[in-house]
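Colleague: Could you walk me through how to read a model like this one? I'm new to it, so please keep it simple.

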Amino acid sequence: MRYSVSPSVCMLSSHLRLVPARVRLVHSLVRSPSCSFMDLKALVSSLNDFASLSFAESWDNVGLLVEPSPPHTVNTLFLTNDLTEEVMEEALQKKADFILSYHPPIFRPMKRITWKTWKERLVIRALENRIAIYSPHTAYDAAPQGVNNWLAKGLGVCTSRPIHPSKAPNCPTEGTHRVEFSVNHAQDLDKVMSTVKGISDVSVTSFSARTDDEEQTRVSLNCSQQALMQVVAFLSQNRQLYQKTEILSLEKPPLLHTGMGRLCTLDDSVSLATLIERIKRHLKLSHVRLALGVGRTLESQVRVVALCAGSGSSVLQGAEADVYLTGEMSHHDVLDAASQGINVILCEHSNTERGFLSDLRDALSAHLERKINIILSGADRDPLQVV
């Protein structure tokens, strides 16, 4: 176990230097009210409550990626956009117990853990120094107060909605399909109800209905994909029932304000030149890359901006907007957008994400009730420079 004095208790540290080493160790175990600690499992659970990992894309690798042997307590959480070896060295110097790296340092499967590659070395150093590594990535992209919402703040006053809304992790009802049909006669109803209730993964309800002045019983059942085939096989034996059968596919409901990308409508139109200056100021950049849409100029008015932090080609494709704002796009995707009269602003991948970490630090501090120290990396930066 490492014993250290946090920078936030510098008043204590000046006293600790004046006492014998034996007493200094005892004092280092005393934590100030503003600097407590959390169990790793409790911290991970709280982070998942802050932004559910279910928001992440299916291809992504999110959550706890490196876990020291339990028990593991966390006193210092270290925030970074990219976990490079330089950033890892900084985390070690800051006595971090937990690194939250927005981008997952482990993405493709590893077949071995050796000193040969830089990502393998990150894992080795984390485990040797008992540092957990967690990555939220696209879960934070989709979250209501996540990366894309932060990026939209740089546009000016606007209303926004996700370009691709996230869906709830589960359907509000059981099953994947709903089957509905009407039964005319009581004897037929008894047989139908008895049979469908005998099929696994089927829930059945019925109610009285009147069609063409005829009393009927409407049967509605929810079932799984596998049970659906058995239900259809049974109903197909009765042509009259089968011809009146409706089959609905149940979808997970969309989540409000949650999803990939944002389509932003400015309250007041501005020139493209003005919008660019706002973006540069928000991202603290001196330069961005611009592809003018066909027939557009720097004085062209902008009202609708489609944005996606990071690499936005797949998210922005097909979005109707005056401007596409993202970190990077392929050459041919830029050509396609420009040919439609859409201006494209590229700021480099992590430049559209990194500034969010300052807001995240404050939000996490409040969410975790200031139980642990949260430090923002000073070594983390975009690998590309304008020279």
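**Reading the model**

Modeller: Let's start with helix α4 (residues 85-93), whose buried residues are Val87, Met88, Glu90, Ala91 and Leu92. Helices (H or I, at least four residues) and strands (E, at least two) are DSSP runs, numbered from the N terminus. Buried means under 20% relative accessible area, exposed over 50%, and partly exposed in between (1.4 Å probe, protein chains only). This is a predicted model: local features need pLDDT of at least 70, side-chain atom pairs count only at pLDDT 80 or more, and totals for chains, interfaces and linings use all residues. Residues are numbered from 1 along each chain as its sequence is written, and side-chain values use heavy atoms, with hydrogens and water left out.

Colleague: What do the buried residues of α4 pack against?

Modeller: An α-helix has 3.6 residues a turn, so residues three or four places apart point the same way. In this model, the buried residues of α4 pack against β4 (76-80), β5 (98-101), α5 (118-128) and β6 (132-135). After α4 comes Lys95, with a positive phi near 60 degrees.

Colleague: How do I read a nonpolar core, and which residues of the largest one touch the most other members?

Modeller: A nonpolar core is a set of buried Ala, Val, Leu, Ile, Met, Phe, Trp, Tyr and Cys residues joined through side-chain atoms within 4.5 Å. The largest here has 67 residues, and Phe98, Leu100, Tyr140 and Tyr324 touch the most other members. Strand β16 (residues 301-311) gives the most to this core, with seven residues. There's also a second, separate core of 19 residues, with Phe181, Val183, Leu189 and Phe234 among them.

Colleague: And is Ser46 buried or exposed?

Modeller: Ser46 sits in helix α3 (residues 40-50). It counts as buried because its relative accessible area is 14%. Contact means heavy atoms within 4.5 Å. Leaving out residues up to four places away in sequence, Ser46 touches Met38, His367 and Leu368.

Colleague: What about Gln340, buried or exposed?

Modeller: Gln340 counts as exposed, because its relative accessibility is 57%. You'll find Gln340 in the loop between α13 (331-339) and β18 (343-346).
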